[in-house]
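Q: Could you walk me through this protein in plain words, please? I am new to looking at structures.

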Amino acid sequence: MSTADLTIDLGALAQNWRALDAMSRAETGAVVKANGYGLGVERVAKVLAQAGARRFFVAVAEEGAALRQALGPGPEINVFSGHMEGDTALIRDHALVPMLNSIDQMLRHVEALPGHAFGVQLDSGMNRLGMEPAEWAALRDIALGQGPRLIMSHLACADEPDHPMNAQQLRVFKEMTADLDVPLSLASTGGILLGPAYHFDVTRPGIGVYGGRPFAEARPVVHLDVPVIQIRELEPGETVGYGNTWGAQRRTRLATIAAGYGDGLIRAMGPRAQVFADGRRCPVVGRVSMDLITVDITDLDHDPADVQLLGADQGVDDLADAAGTIGYEILTSLGARHARRFIE
Ligand SMILES: *Cc1c(COP(=O)(O)O)cnc(C)c1O
């Protein structure tokens, strides 16, 4: 077998959720959109339900349907994109709770599924999803008459604790929800870390549960071990990979490993990335190709059978930094071709 081994530590996942739950002065939900941040929504959601999560968030109704199948009846499933045309049967058949984003969505929902549970998403300044203050002011009484289950908004800069946008959105959200007797939600992982003023009734952690920044105390959840296909010796002056971008300055031992951008390992990380062999750092050299990466193992005292790209020595954020992106993108890019292994 020459595909990489993607190991997902469900114990660490549950521990991360419990740690965020302990920090939340509110009910702690769990965001499992994009197939559980790329890790496999079925296993992820079941473990989080066992850990105590009773409310899950997904991006679109199709994800909600798959999640309902995994979880069975009981847990609440909130859909961020609301009630889109064509969603009605999925929302009804899988008991999903759409977070309605506009007057149009509200009308669609109450006409298609009168009496069916819903929530409302407000725009407190991010300008991505949700009703703007004026729209909400016009609709508020009608919406409240229908009994929304949750009213939420989302922070644009929660991973930057000192950013003035946080306090500004908090103020706008409070103004838009003043005197309402409906559960409220504002905080994702970053919002939980901003403190109790941001917690309201329900928190919505995602990335922290999966082991990423800004939850610095998170335990790593993802381990990616990649087999070495071939090892060769290079003389000084020989070059490696497409475009001859790297040349050996010394006698070099080079390992070719079985992973590349076709496996979601972002090509741009090339010159700054590294892998680990028994805890020792080995730089990636030359370009990342679709199926292969070349690694300088000259300083190792043995020939490794595999190397580690993600794990205790290097987390999703380290790899993200090398690629000029964020841990979220590393996670959701992984795994099209990897064998996934779940450990408890
Ligand atoms: C993705 C998302 C979350 C989770 O955010 P994290 O930063 O991963 O904790 C929460 N709320 C909304 C609306 C989201 O889109």
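A: What follows is a chat about this predicted model, going from the overall picture to a few helices, rings and single residues.

Q: How many helices and strands are there in the protein?
A: There are 11 helices and 19 strands in the protein, and the C-alpha trace spans about 75 × 40 × 35 Å along its principal axes.

Q: And what share of the residues is buried?
A: Of the 344 residues in the protein, 54% are buried. As for contacts between residues with a separation of 6 or more, 64% of them involve residues 24 or more positions apart.

Q: OK, at what angle do helix 1 and helix 3 pack?
A: Helix 1, which covers residues 10-23, packs with helix 3, residues 41-51, at an angle of about 50 degrees, and their axes are 9 Å apart. That angle makes helix 1 oblique to helix 3, and the crossing of the two is right-handed.

Q: Which residues meet there?
A: From helix 1, the residues L10, L13, A14, W17 and R18 meet R43, V44, V47, L48 and A51 of helix 3. Sorted by class, the residues of this contact of helix 1 with helix 3 are 8 nonpolar, no polar and 2 charged.

Q: How do helix 3 and helix 4 pack?
A: Helix 3 and helix 4, the latter being residues 61-71, pack at an angle of about 55 degrees with their axes 9 Å apart. Helix 3 and helix 4 are therefore oblique to each other, and helix 3 passes helix 4 in a right-handed crossing.

Q: Which residues of helix 3 does helix 4 meet?
A: The residues V41, E42, A45, K46 and A49 in helix 3 meet L67, A70 and L71 in helix 4. By class, the contact of helix 3 with helix 4 holds 6 nonpolar, no polar and 2 charged residues.

Q: Which residues in helix 3 are buried?
A: The buried ones in helix 3 are V41, V44, A45, V47, L48, A49 and A51.

Q: And what do the buried residues of helix 3 pack against?
A: They pack against helix 1, strand 3 (30-31), helix 2, strand 4 (55-58) and helix 4. Just after helix 3 comes G52, which takes a positive phi of about 125 degrees.

Q: New topic, aromatic rings. How many aromatic pairs are there?
A: The count comes to 4 aromatic pairs. In one of them, the rings of Y37 and Y328 have their centres 6.1 Å apart and their planes at 35 degrees, so this pair is tilted. The pair links distant parts of the chain, since Y37 is in helix 2 (residues 33-37) and Y328 is in helix 11 (residues 327-333), 291 residues apart.

Q: Are those two buried or exposed?
A: Y37 counts as buried, at 6% relative accessibility, whereas Y328 is partly exposed, with a relative accessible area of 35%.

Q: How are the rings of F173 and F200 placed?
A: The rings of F173 and F200 have their centres 5.1 Å apart and their planes at 90 degrees, so the pair is edge-to-face. This pair also links distant parts of the chain, with F173 in helix 8 (residues 164-176) and F200 in the loop between helix 9 (189-194) and strand 10 (202-203), 27 residues apart. F173 counts as buried, at 0% relative accessibility.

Q: Which residues form an aromatic cluster?
A: Y37, Y210 and Y328 form one aromatic cluster.

Q: Can we turn to T189? Where does it lie?
A: T189 lies in helix 9 and is buried, with a relative accessible area of 1%.

Q: What is T189 in contact with?
A: Leaving aside its neighbours within four places in sequence, T189 is in contact with L20, R204, P205, G206, I207, G208, P214 and F215. From T189 to E76 it is 19 Å, C-alpha to C-alpha, and the two are 113 residues apart in sequence.

Q: Last one: where is the place of E217, and is it buried or exposed?
A: E217 is in the loop between strand 10 and strand 11 (222-234), and E217 is exposed, with a relative accessible area of 58%.

Key: Residues are numbered from 1 along each chain as its sequence is written. This is a predicted model: local features need pLDDT of at least 70, side-chain atom pairs count only at pLDDT 80 or more; totals for chains, interfaces and linings use all residues. Side-chain values use heavy atoms; hydrogens and water are left out. Axes are lines fitted to C-alpha atoms, for helices over the stretch in contact, and angles run from 0 to 180 degrees between N-to-C directions. Helices (H or I, at least four residues) and strands (E, at least two) are DSSP runs, numbered from the N terminus. Angles under 35 degrees count as roughly parallel, over 145 as roughly antiparallel, 65 to 115 as roughly perpendicular and the rest as oblique. A crossing is left-handed if the near helix is turned anticlockwise from the far one by less than a right angle, and right-handed if clockwise. Contact means heavy atoms within 4.5 Å. Ala, Val, Leu, Ile, Met, Phe, Trp, Tyr, Cys and Pro count as nonpolar, Asp, Glu, Lys and Arg as charged, and the others, Gly among them, as polar. Rings of Phe, Tyr and Trp (its six-membered ring) pair if their centres lie within 6.5 Å; planes under 30 degrees apart count as stacked, over 60 as edge-to-face and the rest as tilted. Buried means under 20% relative accessible area, exposed over 50%, partly exposed in between (1.4 Å probe, protein chains only).
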